[in-house]
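Look at the sequence and the model shown below.

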Amino acid sequence: MSVVKINVLTVPAEQREVLEQRFASRAGAVENSDGFEWFELLRPVEGTDQYLVYTRWASEEAFQAWMSGPMQAAHRPAGAAGRRPAAAGSTLWSFEVVQSTGPKAG
């Protein structure tokens, strides 16, 4: 059963572009991880300063393996010493996929 991890990032308005650029510069950092299924960075449109980082994994074990290895490297790029985080806060939500559907082939 797939699992979904949503990292809720509180991002001040002046840091939005910085956050998006940092994610763009890490393109490819998660895609080759065993058990990885999907990624989306969701920008808030109105009423909140929270970005959602959506990832879907084949299992909790696959997510934990990424967290303990490749994620560490992805969040410590070269030359990052002394660089401030773009997010002011972070909360991780975890879900199991109970039902899923997509568009009908047509």
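Helices (H or I, at least four residues) and strands (E, at least two) are DSSP runs, numbered from the N terminus. The model is predicted, so local features need pLDDT of at least 70 and side-chain atom pairs count only at pLDDT 80 or more, while totals for chains, interfaces and linings use all residues. Residues are numbered from 1 along each chain as its sequence is written, and side-chain values use heavy atoms, with hydrogens and water left out.

Of the 106 residues in the protein, 29% are buried. Here buried means under 20% relative accessible area, exposed means over 50%, and partly exposed is in between (1.4 Å probe, protein chains only). The protein exposes about 7,300 Å², and carbon and sulfur atoms supply 54% of that area. Accessible areas come from the Shrake-Rupley method with a 1.4 Å probe; for residues, only the protein chains shown count as cover. Among the contacts (heavy atoms within 4.5 Å) with a separation of 6 or more, 73% are between residues 24 or more positions apart.

Take helix α1 next. Its buried residues are Leu19, Arg22 and Phe23. Seen down the axis of α1, these residues fall within an arc of 95°, so they line one face of the helix. The arc is that of the directions from the helix axis to the C-beta atoms. An α-helix has 3.6 residues a turn, so residues three or four places apart point the same way. On the other side of α1, Glu17, Ala24 and Ser25 are exposed. The cover over the buried residues of α1 includes β1 (3-10), β2 and β3.

Phe23 belongs to this helix, which spans residues 16-25. Phe23 counts as buried because its relative accessibility is 18%. Which residues does Phe23 contact, leaving aside its neighbours within four places in sequence? They are Leu9, Phe39, Leu41 and Val53. From Phe23 to Leu41 there are 18 residues in sequence and 8.2 Å in space, C-alpha to C-alpha. The charged end of Arg26 sits over the ring of Phe23, 4.8 Å from its centre. For this, NZ of Lys or CZ of Arg must be within 6 Å of the ring centre and within 35 degrees of the ring normal.

Helix α2 (residues 60-68) has Ala62, Phe63 and Trp66 buried. They cover an arc of only 100° around the axis, which puts them on the same side of α2. Glu61 and Ser68, on the other side of α2, are exposed.

The aromatic rings come last. Rings of Phe, Tyr and Trp (its six-membered ring) pair if their centres lie within 6.5 Å; planes under 30 degrees apart count as stacked, over 60 as edge-to-face and the rest as tilted. This rule gives five aromatic pairs. Phe36 and Trp57 have ring centres 5.5 Å apart and planes at 75°, so their pair is edge-to-face. Phe36 lies in strand β2 (residues 36-42) and Trp57 in strand β3 (residues 50-57), so the pair ties together parts that are 21 residues apart in sequence. Both Phe36 and Trp57 are buried. Trp57 and Trp66 form a tilted pair, 5.4 Å centre to centre with 35° between the planes. Together, Phe36, Trp57, Phe63 and Trp66 form one aromatic cluster.
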